[in-house]
Amino acid sequence: MKCKTTGSHRQYTTHITLQRISGTADAAGHIDGNTASNWVTYCTAWASVRSRGGREFWRVSQVQSDVDFVFTCPWSKTLEAATPDMRIACNGHVYEILSVINVDLGNETIEIQTRRRTT
């Protein structure tokens with residue numbers, strides 16, 4: 001997917017890959033989402049990224065943190081159809097998709113809200 005050539009197209013400087021799970025199910029019918037080979041490319045896009053902050057919390061006697069990021073992309077029907085069961089791979093990190101928003105329902109900008117676990 002190419003970014004739009006009008007307006008502030010230079011703001012989209014980060015290349016992202018949206019992935020969906022697709023692998024062989026085990027006997028119980030589950031696909032292991034922790035195995036990288038079970039994820040395939042859904043689409044690629046250019047985006048700008050910004051941090052929305054973060055927090056640390058205790059979980060099973062260990063400190064863990066969630067850091068929220070928002071990826072902003074030019075609108076496309078494919079990106080708007082992305083779902084929270086997908087993920088984003090970018091610069092060696094993986095981000096869980098929390099929501100996909102068509103900003104102002106204007107079919108110009110998509111915001112993908114994500115979380116990256118940093119432990």
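Guide: A residue is called buried when its relative accessible area is under 20%, exposed when it is over 50%, and partly exposed in between, with a 1.4 Å probe and protein chains only. The structure above is a predicted model, in which local features need pLDDT of at least 70, side-chain atom pairs count only at pLDDT 80 or more, and totals for chains, interfaces and linings use all residues. Residues are numbered from 1 along each chain as its sequence is written, and side-chain values use heavy atoms, without hydrogens and water.

Visitor: What percentage of the residues in the protein is buried?
Guide: The protein has 119 residues in total. Of these, the share that counts as buried is 33%.

Visitor: In what order do the elements of the protein run?
Guide: Helices (H or I, at least four residues) and strands (E, at least two) are DSSP runs, numbered from the N terminus. The protein contains one helix and six strands. Read from the N terminus on, the order is β-β-β-α-β-β-β.

Visitor: Among contacts with a separation of 6 or more, what percentage joins residues 24 or more positions apart?
Guide: A contact means heavy atoms within 4.5 Å. Among the contacts in the protein with a separation of 6 or more, residues 24 or more positions apart account for 56%.

Visitor: How many aromatic pairs does the protein have?
Guide: Rings of Phe, Tyr and Trp (its six-membered ring) pair if their centres lie within 6.5 Å; planes under 30 degrees apart are stacked, over 60 edge-to-face, and the rest tilted. Under this rule, the number of aromatic pairs is two.

Visitor: What is the geometry of the pair formed by Phe69 and Tyr95?
Guide: The ring centres of Phe69 and Tyr95 are 5.5 Å apart, and their planes make an angle of 80 degrees. The arrangement of this pair is edge-to-face.

Visitor: Why does this pair tie together parts that are apart in sequence?
Guide: Phe69 belongs to strand 3 (residues 62-74), whereas Tyr95 belongs to strand 5. The pair therefore ties together parts whose separation in sequence is 26 residues.

Visitor: Are Phe69 and Tyr95 buried or exposed?
Guide: Phe69 has a relative accessibility of 15%. Tyr95 has a relative accessible area of 7%. Phe69 is thus classed as buried, and Tyr95 is likewise classed as buried.

Visitor: Which residues do the ring pairs link into a cluster?
Guide: Phe71 also forms an edge-to-face pair with Tyr95, at 5.1 Å centre to centre and 75 degrees between the planes. This pair links distant parts of the chain, since Phe71 is in strand 3 and Tyr95 in strand 5, 24 residues apart. Phe71 and Tyr95 are both buried. The cluster linked by ring pairs consists of Phe69, Phe71 and Tyr95.

Visitor: What separates the C-alpha atoms of Ala45 and Leu79?
Guide: Ala45 is part of strand 2 (residues 39-59). With a relative accessible area of 0%, Ala45 is buried. Ala45 and Leu79 are 34 residues apart along the chain, and their C-alpha atoms are separated by 8.4 Å.

Visitor: Which residues does Gly23 touch, not counting those up to four places away in sequence?
Guide: Gly23 sits in the loop between strand 1 (14-21) and strand 2. Its relative accessibility is 31%, so Gly23 counts as partly exposed. The C-alpha atoms of Gly23 and Trp39, which are 16 residues apart along the chain, are separated by 7.2 Å. Leaving out residues up to four places away in sequence, Gly23 touches Ile31 and Asn38.
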